[in-house]
Amino acid sequence: MALLETENLVKEFGGLVATDEVNLSVEEGERVSIIGPNGAGKSTLVNLITRRLDPTSGDIRFKGESIVGHDPHEVVQMGVSKSFQTASIFSDLTVRENAEIAALASEHGSFGFKLLEHRDSLTGVHQVARDTLDAVGLLDQADRQASELPYGDKRRLEIGIALAAEPDLLLMDEPTAGMSPEETEATVDLVEEVKRELGLTFVLIEHDMEIVFRISDRIVVLNRGQVIAEGTPDEIKGDAAVQEAYLGGVEL
Amino acid sequence: MSDEPAAAADGETGSSFADTVGIWMPRGDELRVMTATAVVLAVFPFVFSRMPVVSDLLQGYQSLATLILIWGIFALGFDLLLGYTGLLSFGHAAFWGGAAYAAGVFSQHVSGSPILMVLAGTVFAVLLAWFLGFLSLRRGGIYFAILTLAFAQMMFYMSSSPLAFITGGENGFTGVETAELFGLFPLESELPLVLETLLGTWLYAFVAVIALLCVALGYRILHSPYGMVFRAIRENEQRAEFVGLNVWRYRLMSFIISGFFAGVAGSLFVIHGTYVPLSSLYWTTSGEVVIMTVLGGTGSLFGPVVGAGVYLYVENIVSGGHPFEFVAPFWHLILGLVFVVTIWVFPRGIWGFFRDVRDYVTGGED
Ligand SMILES: Nc1ncnc2c1ncn2[C@@H]1O[C@H](COP(=O)(O)OP(=O)(O)OP(=O)(O)O)[C@@H](O)[C@H]1O
Ligand SMILES: [Mg+2]
């Protein structure tokens, strides 16, 4: 059984079909990249999976269970975490608190009655937050206010928040967008480290082909909402339809 | 992710009697904050209304000191919603006035014990907050503000005529029958010995003890996981949802908690005045608590209490003449000016200004 499956998934915005009969399947432990030109429907697909958007038709199953009809926080509780295309962090909180919020939600569920307990008593939460910040290289900045971080660090915190939720499936929407070459390099290293050490299943949306070919087991190519090709990095490099529709005949 | 049973196991199953008691013990800075609050509460009426020179300057009086604490409790709870969770309610008169009527009617028909009156009013406010929160929190931002306002105004009209046989309609509720505290001490009587000089009346002592408990409760909530979650929701509601938090339920909790504080305050208000004016449900009451909170400084525990103090001071003392005869007729204008100037010069309110000064002096980062 695949970890994540979409079945004839369709999303229409007015007359525009942003997701067109997509059948995607992600196995446990697999790293899948979704590529495609601007407006191909990559973000829309991810937003459907995280329940930020309602599908027009079709089904999405996670661990065999349909998640259409669940609230976003329920999907996260089931084990799907997402890093946003822009740095979506808690600006006025410290870096540590940013990670703690995610760890709290994952350790103690979507809602609890711990309103009289002290935060310091949540040792499990602190440990997860610490480990995560260490992993994304922000531990030495833990007590800074998140809004003070430079942009690249904010993006890494963004990934850190997604990781602190301890997901079974991590969806990353352009994690390197807007980063400098050095920051991009550091982020790719981070993703590779996550891949190696945590054995995490992830779906990555990325424009940089070099990164995509380096870290994916499988690549899915979207164009105008449709899957036009799918295969290993080598297969995609040699695919004529992809060359035509997306890569514009550029030699790779 | 799916290890909730395990988390529950080391969280709950392991809790012994000692842990249960432990939860209620003050910890860390809590004791320090409570002690400081207790000291301020203990000297406030003396400084305000009896201390030579100072009280002559201030022109304060005992009953106003009590009223300031009562509104302070209201504003403190309101700020948990506005300053920490980021929700602007324009209908908190519903809980303040609702609790006042509930406590008043309770005193007439069931018991005039001040403690039971507070309990009755608060329970009413909490249940009402649950219900109205459920209906209002479906929409965010301006819709939430308008919905809360609409519900509170509905309650105002209900008690002004359809329910006048209970509430007294336009005349307000006049049947309040407050009994002695613990069946022994009339609230308006003076405290024994030095306590009389410091605190004045039993009523003040009663209100001050409850205010102290409210400060402790507020402090504790803000330092629990809830405080962090509330701030996270204020900062980025969408992200909070996408780390797996049920934003809706936390918001409802925040709303109910602020309803609780409004209920305690509203009940004390009827005990203090032995009368419930119809205006306690009017939208101006909702507006007043917003102004007090913003004036004092949102996102702090004590700011709103200070805001309540300044607001009531201008409303009651400056409007009353000596030594403010020259401005007394314009006290509404003075209040507006105080508000505008404060927010202009200190956008984070009076308390925010104190904080900035402290940080400047200590060079600390907070
Ligand atoms: N909320 C929306 N309402 C209407 N149209 C939308 C909405 N969101 C996306 N679209 C449209 O759907 C199409 C797919 O958009 P999407 O953001 O999924 O593309 P993308 O592949 O992520 O592009 P990019 O590489 O620029 O991030 C686009 O034509 C976009 O304009
Ligand atoms: Mg996109």
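A residue counts as buried when its relative accessible area is under 20%. That cut-off is used throughout this tour of a predicted model.

**Chain A: strands β10 and β11**

Select Arg218(A) and Glu230(A). The two form a salt bridge, with the closest N and O atoms 2.4 Å apart. Arg218(A) belongs to strand β10 (residues 218-223) and Glu230(A) to strand β11 (residues 226-231), so the pair ties together parts that are 12 residues apart in sequence. Arg218(A) has 15% relative accessibility and therefore counts as buried.

**Chain A: helices α6 and α7**

Next, select Glu192(A) and Arg214(A), whose side chains meet in a salt bridge at 3.3 Å, N to O. Because Glu192(A) sits in helix α6 (residues 181-197) and Arg214(A) in helix α7 (residues 209-215), this pair ties together parts 22 residues apart in sequence. Both ends are partly exposed: Glu192(A) has 21% relative accessibility, and Arg214(A) has a relative accessible area of 35%.

Move to Asp54(A) and Arg51(A), a salt bridge whose closest N and O atoms are 2.8 Å apart. Arg51(A) is buried, with a relative accessible area of 10%, whereas Asp54(A) is partly exposed at 48%. Then select Glu5(A), Glu7(A), Asp59(A) and Arg61(A), which are linked in a network of salt bridges. Over all chains, a search of the whole structure finds 22 salt bridges.

**Chain B: a nonpolar patch**

Switch to chain B and show the surface of Leu116(B), Leu119(B), Val123(B), Leu127(B) and Trp130(B). Together these residues make a nonpolar surface patch of about 500 Å². Leu119(B) lies in helix α7 (residues 114-136) of chain B and, at 52% relative accessibility, counts as exposed.

**Chain B: annotated spans**

The unreviewed UniProt entry annotates several stretches of chain B as "transmembrane region", including residues 252-271 and 291-314. Select residues 252-271 of chain B: the span is 100% helix, and its end C-alpha atoms lie 28 Å apart. For residues 291-314 of chain B, the end C-alpha atoms lie 13 Å apart, and the span is 75% helix and 0% strand.

**Chain B: helix α18**

Finish at helix α18 (residues 349-362) of chain B. Its 14 residues should span 20 Å at 1.5 Å a residue, which agrees with the 20 Å between its end C-alpha atoms. Within α18(B), Gly349(B), Ile350(B), Gly352(B) and Asp359(B) are buried.

Note on methods: Residues are numbered from 1 along each chain as its sequence is written. Chains are lettered from A and ligands numbered from 1 in the order in which they are written. This is a predicted model: local features need pLDDT of at least 70, side-chain atom pairs count only at pLDDT 80 or more; totals for chains, interfaces and linings use all residues. Side-chain values use heavy atoms; hydrogens and water are left out. Helices (H or I, at least four residues) and strands (E, at least two) are DSSP runs, numbered from the N terminus. The expected span of a helix is 1.5 Å times one less than its number of residues. Buried means under 20% relative accessible area, exposed over 50%, partly exposed in between (1.4 Å probe, protein chains only). UniProt positions are given in the numbering used here, feature names are shortened, and annotations may be inferred rather than shown by experiment. Patches are made of residues with over 30% relative accessible area and no salt bridge: like charges are joined within 9 Å, nonpolar side chains (Val, Leu, Ile, Met, Phe, Trp, Tyr) within 5 Å. Accessible areas come from the Shrake-Rupley method with a 1.4 Å probe; for residues, only the protein chains shown count as cover. A salt bridge is a side-chain nitrogen of Lys or Arg within 4 Å of a carboxyl oxygen of Asp or Glu.
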